[in-house]
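Here is a short briefing on one protein structure.

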Amino acid sequence: MSEHHRRPSGRISDEPSNEHEGKELDGPSAAFDALYAAHAGPLVRQVVLLTGRARLARRAVARAFRMAWQRWPEVAADPDPPGWVRAAAYDWALAPWRGPFARWRPAERPGPGTPAPPPAAPADRALLAAVLALPAPYRRALLLHDGVGLGLHATAVEVEASTAATTGRLTHARECLAEEVPELGLRGLPPDRQGAVLHARLAALAAARPVAPPAAREVRAGAERGARLTTRAGFGAAGLLAATALAVSLTAPDGYRPPRPAMAAPSGHSAAAFPQAHGQAPRQARKRTHQRHHKHHHKHHHKWHHKRARLAPDLR
């Protein structure tokens with residue numbers, strides 16, 4: 001997610017909701033709530049066009065604003081805080097692991113904050129289907145440039161691509177829409193005119209699918225709760241590691257020394273001469289070695305005397 005060098009962005013038009021209920025807030029909370037009130041609703045509508053899923057759009061925007069509150073000093077100092085949140089929401093909504101299983105995902109049912117949309121006109125259904133059929137990089141570039149109203153350079157920065165690559169994606173996306181939805185009348189129009197037509201149609205399509213974002217105070221509370229859980233998990237992991245190290249140090253025997261490596265028997269000697277290498281008791285090994293040596297010496301001595309008696313002259 002790129003967080004710098006963004007231009008102040010336009011947005012798909014939507015009336016900002018009033019999230020300041022009860023007493024007035026001061027400091028960072030008031031600044032965050034003002035940002036949320038002005039941009040949460042339009043951002044949810046953008047992500048609906050980006051994914052075609054209202055409930056996913058609501059979760060993506062809420063998660064992006066929770067991240068913003070957890071990193072509020074960084075976001076508040078950013079040249080374009082709405083762009084920071086938008087990039088976070090787009091990244092999460094278009095995560096690669098959501099795409100492969102989209103065809104087996106059940107259809108979303110109306111729920112709190114995501115009422116059933118009114119019946120759409122055939123032209124709107126065709127346009128939304130054509131937009132969702134685009135590859136995710138082309139869809140994102142089209143929505144940022146023609147839907148939100150970013151300039152070409154700002155769009156390239158946000159999608160983390162070169163200006164030439166972004167121009168190619170935008171051109172290809174417009175060609176696909178002109179072919180799939182000929183009633184848009186994009187064929188033969190100059191690029192600027194194509195962008196104006198798509199901006200108006202995408203804004204109308206987003207306004208026809210209203211999705212209410214959660215309240216700002218709920219988002220702030222969720223961010224603080226998540227931060228506390230993360231801190232507790234870190235302390236718990238550190239405590240578990242310390243307890244494991246202490247248990248190992250208490251159960252290890254005092255004065256422990258690792259076993260000495262076994263010695264290999266030299267060539268020309270039997271393995272019994274080195275009982276440590278074969279698990280034999282030293283005393284038994286020495287006894288067997290002595291017996292074998294004595295037997296060999298006795299046999300050799302007896303053969304020598306027999307040979308000497310046979311070769312000696314008869315003196316009788």
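The points below are grouped by topic. The model is predicted. A search of the whole structure finds two cavities of 30 Å³ or more. The largest nonpolar core has 56 residues.

**Second largest cavity**
- The volume of the second largest cavity is about 40 Å³.
- Its lining is made up of Leu49, Leu50, Val131, Arg139, Leu142, Leu143 and Leu202.
- Two elements, helix H1 (28–51) and helix H6 (136–148), each give two or more residues to this lining.
- H6 gives the most, with three residues.
- By type, the lining holds six nonpolar residues, no polar ones and one charged one.

**Largest nonpolar core**
- Within this core, the residues with the most contacts are Leu43, Val47, Phe65, Val85, Tyr90 and Leu177.
- In soluble globular proteins, nonpolar side chains tend to be buried together.

**Backbone at Glu160**
- Where does Glu160 sit? Glu160 lies in the loop between helix H7 (152–158) and helix H8 (163–180).
- The phi angle of Glu160 is near 55 degrees, a positive value in a residue other than glycine.
- Is Glu160 buried or exposed? Glu160 counts as exposed because its relative accessibility is 54%, and the cut-off for exposed is over 50%.

Notes:
Residues are numbered from 1 along each chain as its sequence is written. This is a predicted model: local features need pLDDT of at least 70, side-chain atom pairs count only at pLDDT 80 or more; totals for chains, interfaces and linings use all residues. Side-chain values use heavy atoms; hydrogens and water are left out. On a 1 Å grid over the protein atoms alone, a cavity is a set of points where a 1.4 Å probe fits but cannot get out, and a pocket is an open set with protein on both sides within 12 Å along at least five of seven lines; lining residues have an atom within 4 Å of a point. Grid points are joined across faces, edges and corners, and a volume is the space filled by probe spheres set on the points. Helices (H or I, at least four residues) and strands (E, at least two) are DSSP runs, numbered from the N terminus. Ala, Val, Leu, Ile, Met, Phe, Trp, Tyr, Cys and Pro count as nonpolar, Asp, Glu, Lys and Arg as charged, and the others, Gly among them, as polar. Buried means under 20% relative accessible area, exposed over 50%, partly exposed in between (1.4 Å probe, protein chains only). A nonpolar core is a set of buried Ala, Val, Leu, Ile, Met, Phe, Trp, Tyr and Cys residues joined through side-chain atoms within 4.5 Å.
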